[in-house]
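Please examine the structure shown here.

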Amino acid sequence: MLNRYLKTMIFGAVTVLVVSCGGGTSATSSATSQLPTYTLKVWGPSQEQQFLTDVTESFKLLYPNINLNFELAVVGEPDLKGILLLDVPGGADVFAFPDDQLEDLVTAGALSELTQFKDDVIERNQDWTIDVASVDDKLYAYPNTADNGIFMYYDSRYIQASEMTTLDSILAKAEELNSKIIIDPMGGWAMSSWFAVPGEISWSKTTMTQTIDWNNEVGLSSAIGMYNAYKTNLIQRDQGIIVTEFLENDTDVQEGIIAGVSGTWNAVAIKTILGDNYAAIKMPTFTNGNGQQQQMGSMIGAKLVGVNAYTANPGLAHAFANYMTNYDNQLTKAVTMGVGPSNITAQQNPEVQEVPSLKAIFDQAPHGILQARSVSSYYWSPAGAFADALITDARNHADNLAAWLALPENSGKTEADFMTEVQIPLIQDYLDIFIEGVLAVNEA
Amino acid sequence: MKDELRSEPFYIWIPQSILDFIIQILKVAFEFTLSIFTSLYDFLKTTGKVIVSLAKKGYEGLIKYSRIFIKGNYKTKLSFLLMGFGAYTNGQIVKGILYQLLQVVSLGLLIFFFGPYIAKLNTLGDTLGTPVTYDPGNPNADPFGYVPAQPGDNSMIILLLSVGGIILAALLYYFYLQNLRLAEANEMTLQVGKRPIPFKEEVKQLLNERFHITVLSWPVFFSFIFTVLPLVFMILIAFTEFDRFHQPPGSLFTWVGLDNFINMFSGQNAFYSRLPRTLWAILQWSFVWAIFATFLNYFFGMILALMINKKGIKLKVLWRTVFVITIAVPQFISLLIMRNFFNEQGPFVNFLIDLGLVGPGYGPFLTKESARFWVIVINLWVGVPYTMLITSGILMNIPADLYESATIDGAGSITKFFKITLPYMLFVTGPYLVTAFIGNINNFNIIYFLTGGGPSSQQLFQAGHTDLLVTWLFRLTLFDSDYKMASTLGILIFMISSFFSLIIFSRTGGIKAEDSFQ
C-alpha cells in the first residue's frame with residue numbers, strides 16, 4: 001500500500017508540474033523562433049466572425065517582424081457590457097459594442113483612451129459618431145458603424161414610394177388592401193419617433209442631468225397623433241415577427257403587412273423574403289394633434305470598437321482597432337453586409353449609397369436624435385409603460401367611446417367631446433407620469 | 001353523520017355542505033392569522049434561547065480549553081502555539097506533520113494573500129488604479145510607446161477575498177481546536193499506558209469504521225467554498241452601494257449600512273421614491289398568484305384524477321399517459337411557445353376575433369387584469385398534469401370500503417367527495433400544498449417566460465404588473481445592474497419565504513395531530 005501511495009503521489013506531482021509549465025502569456029519568446037510573440041483577444045458578433053478573420057489576416061501582414069496571434073470569440077454587441085464588466089482585466093483586448101454602453105464602460109474604467117490615433121479618427125469619421133464615442137472631450141472608442149436607427153421597409157408590390165411619404169396615405173393603403181403595418185414602440189426606442197423632432201431631450205452623463213419636455217403642448221400634440229394612428233387598429237406592434245409577416249404577403253396580403261418599421265439588422269432577411277419587391281425609405285410624416293404634418297424622428301446610434309484599459313498589449317490593440325475601423329474595412333463591411341459606415345468618405349461612396357437600407361438610414365439621420373446623448377438607462381422603463389398605456393387605450397377607443405356615450409349625462413355628445421373631456425386629459429396624465437419617471441434619474 | 005345523509009334531500013344538504021366547507025376554511029384562515037402573532041412571539045423567544053445557549057457554550061469552551069492548558073504537560077501546552085506538536089511528539093508523526101503544515105500554509109495564505117484585502121475591508125478600497133497611457137517619452141513605456149496599467153483597489157475583489165479569508169480563518173480555528181483536543185487525548189492515552197494510534201491505523205479506520213467522516217468531509221469543505229462563500233458575499237453586497245454608478249475597476253464602492261433597506265421601505269431617497277409602493281404591490285400580487293396557482297392547480301388536478309379514476313372510463317392508462325407526456329417537454333420550451341401562441345398577432349387572438357369575442361386590438365398580455373388572468377390560466381394548463389399525478393396516487397389508496405359504506409348509507413357522489421375524498425386528500429397532501437405555496441411565491445419560470453413581468457407599469461419602479469419578487473430581482477440585477485437593491489430584495493424574499501414556511505409547517509403539524517381522520 002505504501003508503494004501505491006508513493007506512486008500516486010509522484011504521478012500527481014509530475015502532472016501538476018507539467019500542467020503549470022504549459023500555456024503562455026503575451027510577449028514570451030519561444031526558443032525556436034526569434035520573433036517576439038503577441039496575442040490579441042478580439043470579441044465580435046457572430047455575423048462578423050468571417051469578416052474579423054479576414055481583417056486579422058491582413059493586419060498580420062503589416063507586422064512581418066513579430067509573431068502575432070489572434071483569439072476570436074463571439075460576444076454579441078448588446079451583451080458586451082455585461083460580459084466585460086464581470087472581469088475587465090481578463091476580457092478581450094479589442095471588442096465591439098453599441099454606443100449606449102459607452103458611459104457605463106467609462107464609469108467602470110474599462111476603456112483605454114485614444115491618444116495615438118485620436119486626431120486621425122476624429123478627422124475621418126462623422127461628427128456625431130465622434131460625439132457619442134467621447135466623454136468630456138476624451139475619445140474612448142473608435143466609431144465603426146453609423147446605422148443604428150429605424151426606417152420603413154415596404155413591399156413595392158402593394159405600395160409605391162410616393163405613397164410612403166405620409167403615415168396617413170400608408171394607413172389608407174393598408175385599409176384599402178385589408179392589410180396591416182408594423183410600428184413597434186420597442187420599449188420606448190422607436191416610440192421616440194413620435195416626439196423626437198419638435199421635442200427637447202438631452203442627457204449628460206458628466207453632470208448626470210436629464211432634460212426632457214415631451215409632456216408640454218407640443219408633446220401632447222405628438223401623443224395625440226400617435227393615439228390617432230394606433231386607434232385605426234391597422235398597426236401591429238411586434239417588430240420581432242416583421243420578417244414572417246412580410247412572408248405572408250406571398251400568399252395573402254391580408255394576413256401580412258405592406259410596410260413595417262425596423263432597422264438594418266433585418267435588411268438581409270427582408271431582402272431575401274421580398275426579393276425584387278424589397279424597398280426601404282426614411283420615416284414618413286404623421287398628422288399630429290393640431291392637424292399638421294410632423295416628421296417622425298428616430299434614435300440614432302453607432303457601433304464602436306473599444307480597447308481594454310487593462311490590456312497587456314496596448315500598442316498592438318490600438319493599432320488593430322484603428323485598422324479595423326478604417327476606410328477600407330468599413331467600405332468592405334458596407335458592401336458585403338449592408339452595414340452603414342461612420343467613415344465620411346465611405347458614406348459618400350456610390351456603392352454604399354445604392355444599398356436601400358443604408359440610403360434610408362442616411363436620409364433619416366438628419367431627423368434623428370443621438371440615443372447616447374438623449375436618454376439615460378432609466379428612460380426605457382417609463383417609456384415602455386407609457387407606450388403600453390397609450391396603445392391599449394387607443395386599441396380600445398371604439399369600446400371606450402361607446403361606453404362613454406351610453407352614459408345618460410353624455411347623450412348628444414360627440415367623439416370630439418370624448419377626446420377633449422376624457423381621453424386627452426388621460427394622455428396628458430400618462431405623459432406626465434412618463435416624464436416624471438424619466439426625470440427621476442436626476443435625483444440619483 | 002350518517003343520519004344527516006339519509007334524512008335531508010340533496011338540494012338542502014349540498015349547499016349546506018359547501019357552506020360548512022367554506023366556514024371551515026374561514027376558521028382555519030382566522031386561526032392562521034392569529035397564529036402568526038403567537039409564532040412571532042415563539043420565534044423571538046427561541047432566538048433568545050439560542051443566543052443564550054451559544055454564549056453559554058462559548059463560555060464553557062473557554063473553560064474547557066483553559067483547563068487543558070493548565071493541566072496539560074509541556075507538549076500539550078506547546079501545541080497551543082504550534083499545531084500538531086501534541087501529535088508528532090507523542091508518536092503520531094504523520095498526523096502531527098499534517099497539522100503543522102496546515103497551520104503554516106493557512107497562516108501564510110492569511111497573512112500574505114488574504115491579509116492585504118482584509119486590511120481594506122472597512123473602507124473597501126481607497127485608491128483607484130491607472131489605465132494604460134500613451135507616453136512614448138516615458139522610461140516605463142513598452143516598444144509601442146504605451147505605459148502599462150497600474151492596478152489599484154477593486155472593491156468587489158476586496159469584499160470577495162476578505163470573505164474568503166475569514167472563512168479560511170474559521171476553518172483554521174476549527175482545526176486548531178481539534179489539534180488541542182488531540183494533544184490532550186494523546187496525553188491521556190500515554191498516561192494510561194497505551195500508544196496513540198499510528199497514521200496507517202488511522203487511515204484504515206477512516207476507510208472503515210469512521211468512513212462517514214471521510215465521505216462527509218469533502219462535501220462540507222466544498223459546500224463552504226461554493227455555497228457559503230458566494231452566499232455571504234452576496235448578502236454583504238446589500239450593505240454596500242454597488243450599482244451601475246459604482247462599477248469596479250473604474251469606481252470604488254463602500255459600506256452604506258442599512259441605507260438600502262431604509263430606501264426599500266421608506267423611499268426617502270428621491271430616486272427610489274417609488275420603491276416601497278412597488279415592494280408592497282409586488283408582494284401582494286406574489287401572494288395572490290401563489291394562492292391561485294397552488295389551489296387552482298390542486299383542485300383541477302384532483303378533479304381530473306377523479307374523472308379518469310371513475311369506474312366505467314375506458315383506457316385509463318392512455319388518458320394518464322397523454323397528460324404525463326406534457327410533463328416530458330421542458331417547462332420553459334412550452335412556455336415560450338405559449339407566449340407566441342398568445343401573442344396579439346398570434347393564432348389564439350385571431351381565433352377569438354373570428355368568433356367575435358374581442359376587438360382587433362386585443363392582446364392577452366396587454367392590460368394588467370388580462371395579463372394576470374391569462375398567466376393564471378396558462379399556469380393551470382402547465383401545472384395540472386403534476387397535481388393530477390400526485391392526487392391520482394393518493395386517490396387510488398383511499399380505502400374502498402369507506403366509499404362502499406357511504407353508498408350503502410345512501411350518499412351521492414357529491415357527498416362522497418366533500419365528506420370522504422376531500423378531507424382525506426387535504427390530510428395527506430397538506431405538506432405538499434405548503435411547499436407548493438411557498439414555491440409558487442418564487443415561481444420565476446412561468447412569469448418571466450410568458451410575460452417578462454409585463455405589462456409595464458407607470459407606477460412601479462422598474463417593474464411590471466405580473467412581476468413577482470424574484471422576477472423583479474432579476475430585472476434589477478440584469479438590466480439596471482443595481483446589485484445592492486437586488487441583494488436587499490433577495491434577503492427580504494428569503495426572510496418572507498422562510499417565515500411563512502416555518503409558520504405554516506408548525507401549523508400543519510398541529511393540524512395533523514389534532515385532526516384525526518374521521
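**Grounds for the descriptions**

Five strands of chain A build an open sheet of mixed pairing, in the order β12-β9-β13-β8-β14. The model is predicted.

Q: Why are β12 (235–236) and β14 (278–281) of chain A said to stand at the edges?
A: Each of these strands has a single partner strand, so one side of each is left without a neighbour in the sheet.

Q: What makes strand β8 (residues 151–155) of chain A and β14(A) a pair?
A: A pair requires at least two bridges. β8(A) and β14(A) share four bridges, in the antiparallel sense, and therefore meet the criterion for pairing. Within β14(A), A280(A) is the bridge partner of Y153(A).

Q: Which helices of chain A lie across strands of this sheet?
A: Helix α7 (residues 167–177) of chain A lies across β9 (180–182) and β13 (257–262) of chain A, at about 145° to β13(A). Helix α15 (residues 356–364) of chain A lies across β8 and β14 of chain A, at about 10° to β14(A).

Q: Why are α17(A) and α19(A) called roughly antiparallel?
A: The axes of helix α17 (residues 380–395) of chain A and helix α19 (residues 415–439) of chain A cross at roughly 170° and come within 8 Å. Angles over 145 degrees count as roughly antiparallel, and the two helices are therefore described in that way. On α17(A), the contact involves residues including F386(A) and L390(A); on α19(A), Y430(A) and F434(A) are among them. The contact residues divide into 10 nonpolar, three polar and one charged.

Q: How do you know that chain B touches chain A?
A: Contact requires C-beta atoms within 7 Å. In the model, 30 residues of chain B are in contact with 40 residues of chain A. The side of chain B that touches chain A comprises 14 nonpolar, 13 polar and three charged residues. For the complex, the predictor gives an ipTM of 0.73 and a pTM of 0.78.

Q: What links domain 2 of chain B to domain 3 of chain B in terms of contact?
A: The domain assignment places domain 2 at 72–257 and domain 3 at 271–512 of chain B. Their C-alpha centres lie 45 Å apart, and nine residues of domain 2 of chain B are in contact with nine residues of domain 3 of chain B. The side of domain 2 that touches domain 3 has five nonpolar, one polar and three charged residues.

Q: Where in chain B does pLDDT stay under 50?
A: This occurs over residues 513–518 of chain B, for which the model has four contacts beyond four places in sequence. Chain B as a whole averages a pLDDT of 83, and 95% of the residues score at least 70.

Definitions and conventions:
Residues numbered from 1 in each chain as written. Chains lettered and ligands numbered in written order. Predicted model: local features only at pLDDT ≥ 70, side-chain atom pairs only at ≥ 80, totals over all residues. Axes fitted to C-alpha atoms, helices over the stretch in contact; angles between N-to-C directions. Parallel < 35°, antiparallel > 145°, perpendicular 65-115°, else oblique. Contact = placed C-beta atoms within 7 Å. Nonpolar A, V, L, I, M, F, W, Y, C, P; charged D, E, K, R; others polar. pLDDT = per-residue confidence, 0-100. Domains from an automatic or database assignment.
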